[in-house]
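Thanks, everyone, for making the time. Let me put the structure up, and then I will walk you through a few of its parts.

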Amino acid sequence: MTSAIADAILSVVTDVRTTPDAPPPEGRGGELTDCMAFGPHPDDIELGCAGTLIKLARAGRSVVLVDLTRGELSTRGTVEIRAREAAESARLMGVAARVNLGLEDGDIRNTPAARREVIRVLRRYRPRAVLLPYHSDRHPDHVHASRLLYDAVFSAGLKRIEDGQESFRPSRLLYYMLWEEFEPSFVVDITAEHELKMRCIAAFDSQFGSDRSYDNTRLNSEEFAWKLQVRMGYYGSRIRVRYGEPFLIYGTLEMESPLDARFSSF
């Protein structure tokens with residue numbers, strides 16, 4: 001659709017400014033975090049939407065990252081290494097906070113206990129917009145995480161689910177792309193953020209590097225790196241820029257005038 005309807009992400013947020021060293025926003029007193037991105041495993045957020053999150057952080061928006069698992073089943077690396085890599089990537093991105101919920105890797109389930117963990121972090125930070133993985137994917141954890149997150153976002157608004165915090169339901173859900181592709185509602189121009197996005201991905205050296213003490217996987221193959229670049233280039237070309245990240249919204253875009261939308265039919 002449009003490079004500039006992508007400004008819908010920026011338009012949902014306030015001018016609250018944060019730094020990586022600032023105390024994370026608690027959201028209790030009515031203050032809202034601008035954007036919260038969820039990833040099934042550490043590095044999923046980086047692959048799917050880091051460019052957009054960097055863009056938001058550079059614009060002074062408050063961004064919080066939430067990893068559902070510690071990636072303990074990964075062929076490469078360890079939980080401790082992944083934690084250090086996730087922290088370094090978050091530092092590079094300039095986000096306000098990164099949280100890990102510690103759900104079981106390889107067995108993400110849409111259970112009441114798992115929903116309560118997600119509800120707790122949603123109510124703590126009170127994000128205006130939530131980014132979550134697309135619900136169709138080759139990895140079962142990604143599929144189950146998407147459904148868990150949708151249900152938890154809805155349930156976070158139910159007052160009778162009590163956890164000592166005020167009920168809160170974000171109004172905007174945006175799906176980002178991991179393995180399976182979709183026809184996007186809009187594409188964000190991340191040309192200026194591309195280099196830093198790749199540095200954030202490279203921070204996960206245990207997953208994408210060439211350390212021969214681990215078995216090789218598709219993630220550290222040249223083919224995977226090539227596909228990642230080609231995808232960003234393809235979606236960038238859809239909006240006539242070099243690199244782009246696609247998103248699918250849950251809902252219908254509203255605008256005052258079709259003349260406000262920047263896109264080209266030819």
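Before anything else, when I say buried I mean under 20% relative accessible area, with exposed being over 50% and partly exposed in between, using a 1.4 Å probe and protein chains only. This is a predicted model, in which local features need pLDDT of at least 70 and side-chain atom pairs count only at pLDDT 80 or more, while totals for chains, interfaces and linings use all residues. Residues are numbered from 1 along each chain as its sequence is written, and side-chain values use heavy atoms, with hydrogens and water left out.

Helices (H or I, at least four residues) and strands (E, at least two) are DSSP runs, numbered from the N terminus. Strand 5, residues 172-176, is mostly covered, with four of its five residues buried. On the strand 7 side, Leu 174 stands opposite Ile 249, whereas Pro 133 has Tyr 176 in strand 5 as its bridge partner.

Which residues have the most contacts inside the largest nonpolar core? They are Cys 49, Leu 53, Leu 65, Met 93, Leu 131 and Phe 247, in a core of 35 residues, where a nonpolar core is a set of buried Ala, Val, Leu, Ile, Met, Phe, Trp, Tyr and Cys residues joined through side-chain atoms within 4.5 Å. Helix 2 gives this core its largest share, seven residues.

Note on methods: Two strands pair if DSSP finds at least two bridges between them.
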